[in-house]
Amino acid sequence: MGSSKALAAFALAALSGSVSAASDEVESRGLRGRELVDKAKHHDPPIYFLHIHKSGGTMFCTLAQENGLRTNEDDNCNGFLDVYNADAVVHGRQFIGDNGLERGEPCCGDTAEKQRRVAANMDFDIVMNEGDLASEADWDAFSYVTILRDPVDRYISHFVHNKYKRPKFWEGTDFAGWLDRQEDNFAVRRICGKPCRVPKGQITAEHFEMAKARLDKFKVVMVLENISEGLAIVHKLFGWENAQNHVVSWIKSTQEAKTKAMLKTTDAGHVPDGMVFWDRALHAYAAHLQSHQYTMLYAAGVDSAFTEEHKSCVNTCCFEKCSRAPHWTL
């Protein structure tokens, strides 16, 4: 228990030290976080964020923009291939003739070869995709990042979001009626991609293993319920600032209260086990991946401090006489 507390304290200190200076400057100059950035942090390779709906993707987009990353500011950091040039990612939105808004396919191609070409020609530092992960992926062309959320909370949040965005369409529809029209195991389907485009109720252990194997190849996997730990990883790997005091405070002040309110506004928020069975397993695995990566990134500092503190030790307990475990506990 003591070592875990030390590890957490070490990581938070690493974050808060760099963030506090920015906070002071915001107060003194009245600037938004993004205006504090002197120059953009150009990422090589660029970040590919798989945005699983209602799992913190918009928050991550905002954080990327505040850190000066080049992205599509007109469309929630989403990347779409140019309708006229399929090897390029468009800026803003394309309006073509009398047809209005027209989009190419989501970034960044269905083959590894195409993804390499797009990444090489792209002048964005981060692109997001709110659809399925491509069946084939070049794991070196991009740094893949995603956030997973408790699947029941995600469905409830998605329901409330739909009711807010399209009130007339969903008027008179309760949570159960809305849920009947939704895909099951939403996160597994997004990460697994094309092999998981099967009818409702037909996601299997094989599909779960596909999604799980793909998560292993991501640069960063986070869970929304412990986003502080996830953002400590992002800070360590990408050097992003403002994570701890800006985003985590937003999560605590809005998301937790919002989730509690959502539960009261739905019909008890009941979600059949079949809707979330494999998503629950994938969420648990994502939490494991995040915890392991966090530990490995921050353990070195804790280990060195602990070693320095006990460098004069001559035995296993660093005391004149070590206590021994009773034989019945062995």
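This is a predicted model: local features need pLDDT of at least 70, side-chain atom pairs count only at pLDDT 80 or more; totals for chains, interfaces and linings use all residues.

I begin with helix 7, whose buried residues pack against strand 3, helix 6 (186-192), strand 4 and helix 10, where contact means heavy atoms within 4.5 Å. Helices (H or I, at least four residues) and strands (E, at least two) are DSSP runs, numbered from the N terminus.

Residues are numbered from 1 along each chain as its sequence is written, and side-chain values use heavy atoms, with hydrogens and water left out.

In helix 7 (residues 205-215), the buried residues are H207, F208, A211, R214 and L215, buried being under 20% relative accessible area with a 1.4 Å probe, protein chains only. They cover an arc of only 125° around the axis, so they lie on the same side of helix 7; that arc is taken from the directions from the helix axis to the C-beta atoms.

Turning to the sheet, 4 strands form an open, parallel arrangement in the order 2-1-3-4, where two strands pair if DSSP finds at least two bridges between them. Strand 2 (126-129) and strand 4 (220-223) stand at the edges with a single partner strand each, so one side of each is left without a neighbour in the sheet.

Finally, 8 of the 10 residues of helix 2 (residues 57-66) are buried, so this helix is largely enclosed by the rest of the structure.

Notes: Buried means under 20% relative accessible area, exposed over 50%, partly exposed in between (1.4 Å probe, protein chains only).
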